[in-house]
Amino acid sequence: SDLVLAGNTTVVPLALNQYQLTSEDVRTLVFSVSDRYQVLTSEIEGVELKAYIFEGDEESGWAALNNSSGALKYFGELFGTPYPHKTFTIVESDFPDGMEYDGLYFLSDFYFKNYDGTFKNYLSLLSVHETSHQWWFGLVGSDQALQPWLDESLATYSEFLFIEHFYPELTDWWWQYRVETYAPVGRVNRTIYDQSDLRTYINAVYLQGAVFLHEV
C-alpha cells in the first residue's frame, strides 16, 4: 500500500495491487516502483508532467520539472514536431547519471542533492538534455549502440540551443563548463563498443559531437 508506481504513460489502477500501462507509437514501456517518492505535478499545453522525487529534494524536483516543461514546449517549436504524448515523467534515481525513455527519464539523486538554486549546474543542464531525447531518441529513433552520436551529440547540443534562447548570457559559460573543461578529443561517430572508458566515450560522442554540430 506504500508503493508508488511511476510510468512513462498513464498508470491506471485496475484492482488491488494491479495496474495497467498502455502506450502507442513508442520504442519503450518503462516504470519504476518505490515507497520513497514525493510526487510533483504540472501541466503545459495538454501534457501532464509528473516528477517522482525523494523526500527533501522537492526544490530541485520543481527546478527539473520547470526546465523540462520549458524544453518540451521550446523543442517542439524549434524541431518542428510537438511532443507527441499526453504525459511526461521525471524520476529521481539512486543510480549514476541519467537514462531516457519515451515519455520518461531517470536522473541521479546526486544532481538533485547538489542543485544550487540557479541554472548554472548539472541538474538544470541534464533536465534539458534528457527532455530533448524525446525527439532524438523517441521520434528520430536512431541506433543508440552503433550510432550513439545521432542521439547524444544532438541532445548535448540541444542544451546549448535551449540556453541560447532562454539564457543567452550563459552561452560562453556553457561552452567552458560543459565542453572545454574536458578538452574533448576523439571520433564523434564511435560505437559504444569502441570505448575504453566512460569519460573517453562522453568526450568524443557527447562533447566533440556538440562542437561538430556547432561548426556545421
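Author: Angles under 35 degrees count as roughly parallel, over 145 as roughly antiparallel, 65 to 115 as roughly perpendicular, and the rest as oblique. This is a predicted model, in which local features need pLDDT of at least 70 and side-chain atom pairs count only at pLDDT 80 or more, while totals for chains, interfaces and linings use all residues. Residues are numbered from 1 along each chain as its sequence is written, and side-chain values use heavy atoms, with hydrogens and water left out.

Reader: Which word describes how H4 and H6 lie to each other?

Author: Helices (H or I, at least four residues) and strands (E, at least two) are DSSP runs, numbered from the N terminus. The axes (lines fitted to C-alpha atoms, for helices over the stretch in contact, with angles from 0 to 180 degrees between N-to-C directions) of H4, residues 149-166, and H6, residues 198-215, come within 8 Å and cross at roughly 60 degrees. The two helices are therefore oblique.

Reader: What is the handedness of the crossing of H4 and H6?

Author: A crossing is left-handed if the near helix is turned anticlockwise from the far one by less than a right angle, and right-handed if clockwise. By that rule, the crossing of H4 and H6 is right-handed.

Reader: How many nonpolar residues does the contact of H4 with H6 have?

Author: Contact means heavy atoms within 4.5 Å, and among the residues that meet are Trp 149, Tyr 157 and Phe 160 in H4 and Tyr 201, Leu 207 and Phe 212 in H6. Ala, Val, Leu, Ile, Met, Phe, Trp, Tyr, Cys and Pro count as nonpolar, Asp, Glu, Lys and Arg as charged, and the others, Gly among them, as polar. On this basis the contact of H4 with H6 has one charged residue, four polar ones and, of the nonpolar class, eleven.

Reader: How is H4 placed against H5, roughly parallel or roughly antiparallel?

Author: Helix H5 covers residues 171-179, and it packs with H4 at an angle of about 155 degrees, the axes being 9 Å apart. That angle makes the two helices roughly antiparallel.

Reader: How many charged residues does the contact of H4 with H5 have?

Author: The crossing of H4 and H5 is right-handed. On the H4 side the contact includes Glu 159, Ile 163 and Glu 164, and on the H5 side it includes Trp 173, Trp 174, Trp 175 and Arg 178. By class, this contact of H4 with H5 has six nonpolar residues, two polar ones and, of the charged class, three.

Reader: In which sense do E8 and E9 pair?

Author: E9 (residues 104-108) pairs with E7 (residues 87-93) in the parallel sense over five bridges, and Ser 93 has Ser 108 as its bridge partner in E9. Over four bridges, the sense in which E8 and E9 pair is antiparallel.

Reader: How many residues of E9 are buried?

Author: In a regular strand the side chains alternate between the two faces of the sheet. Leu 104, Phe 106 and Ser 108 point one way from E9, while Tyr 105 and Leu 107 point the other way. Buried means under 20% relative accessible area, exposed over 50%, and partly exposed in between (1.4 Å probe, protein chains only). E9 is largely enclosed by the rest of the structure, because its buried residues number five of the five.

Reader: What is the relative accessible area of His 85?

Author: His 85 lies in the loop between H1 and E7. Leaving aside residues up to four places away in sequence, it touches several residues, including Glu 24, Val 47, Asp 102 and Gln 134. His 85 counts as buried, its relative accessible area being 14%.

Key: Two strands pair if DSSP finds at least two bridges between them.
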